[in-house]
Structure formats: structure tokens, C-alpha cells
Amino acid sequence: MRVLLVEDEHALAKGVIAGLEREGFVVNWVDTGRLAEASIAADAPDIMILDLGLPDTDGLKLLSRIRADKHR
């Protein structure tokens, strides 16, 4: 299963990645909303773990945009 981790705190992200990969997940990590949108457009993940407090956008607003784009 492919996971997109959207987290701007690098130490936390590295810990989450280590745990997920240990369980067999393939993790793509980005640290901004802009990069998350680009990553989803290029290759949609099976699941996304989303930080709500990103440096360039609010995580809930990002989620709303992603959901709206999926219905187009």
C-alpha cells in the first residue's frame, strides 16, 4: 500500500516513515501542501496522512481541494 505522508516536522516524519516502512508500507513524504497536491496529481496514493498545520496552507483546506479535484 502506498502512503502519502504530508508533514512539515522532519523529526516526526522520519519516525512515522520508519514505523510505516517496518510494516511494509511504501511511503512518499512531502512537507508542504503544494508538494502534496503535485504528488497526488502525479501518482495518487492509496492513503494519505495529513498534518493540519502546514507552513503554506491549512490541512483542512488542502483536503477540501483534493476532494473537490477528485470529483472533476
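Me: What radius of gyration does the chain of 72 residues have, and what would a compact globule have?
Reply: This is a predicted model, in which local features need pLDDT of at least 70, side-chain atom pairs count only at pLDDT 80 or more, and totals for chains, interfaces and linings use all residues. Residues are numbered from 1 along each chain as its sequence is written, and side-chain values use heavy atoms, with hydrogens and water left out. The radius is taken over C-alpha atoms, and the globule rule is 2.2 Å times the number of residues to the power 0.38. For 72 residues a compact globule would have a radius near 11 Å, which agrees with the value for the chain, 12 Å.

Me: Which pattern does the chain follow when read along the sequence?
Reply: Helices (H or I, at least four residues) and strands (E, at least two) are DSSP runs, numbered from the N terminus. The secondary structure comes to three helices and three strands. Along the sequence, the chain follows the pattern β-α-β-α-β-α.

Me: How far apart are the end C-alpha atoms of helix 1?
Reply: Helix 1 covers residues 10-22, which is 13 residues. The expected span is 1.5 Å times one less than the number of residues in a helix. This gives 18 Å for helix 1, and the distance between its end C-alpha atoms agrees, at 18 Å.

Me: Which strands do the buried residues of helix 1 pack against?
Reply: Buried means under 20% relative accessible area, exposed over 50%, and partly exposed in between (1.4 Å probe, protein chains only). In helix 1, the buried residues are Ala13, Ile17, Gly19 and Leu20. They cover an arc of only 165 degrees around the axis, which puts them on the same side of helix 1, while Ala11, Lys14 and Arg22 are exposed on the other side. The buried residues of helix 1 pack against strand 1 (2-6), strand 2 (26-30) and strand 3 (47-50).

Me: Which residue just after helix 1 takes a positive phi?
Reply: Helix 1 takes in residues 10-22. Just after this helix, a positive phi of about 95 degrees is taken by Gly24.

Me: How many residues apart in sequence are the parts that the pair of Asp43 and Arg2 ties together?
Reply: A salt bridge is a side-chain nitrogen of Lys or Arg within 4 Å of a carboxyl oxygen of Asp or Glu, and a search of the whole structure finds three salt bridges. In one of them, the side chains of Asp43 and Arg2 meet at 3.0 Å, N to O. Asp43 lies in the loop between helix 2 (33-42) and strand 3, whereas Arg2 lies in strand 1, so the pair ties together parts whose separation in sequence is 41 residues.

Me: Which residues do salt bridges that share partners join into one network?
Reply: Arg2 also meets Asp46 in a salt bridge, at 3.9 Å, N to O. Arg2 lies in strand 1 and Asp46 in the loop between helix 2 and strand 3, so this pair ties together parts that are 44 residues apart in sequence. Through shared partners, salt bridges form one network of Arg2, Asp43 and Asp46.

Me: Which helices hold Glu37 and Arg65?
Reply: The side chains of Glu37 and Arg65 meet in a salt bridge at 3.2 Å, N to O. The pair ties together parts that are 28 residues apart in sequence, because Glu37 lies in helix 2 and Arg65 in helix 3 (residues 59-70). The two helices are therefore helix 2 and helix 3.

How values were computed: The arc is that of the directions from the helix axis to the C-beta atoms. Contact means heavy atoms within 4.5 Å.
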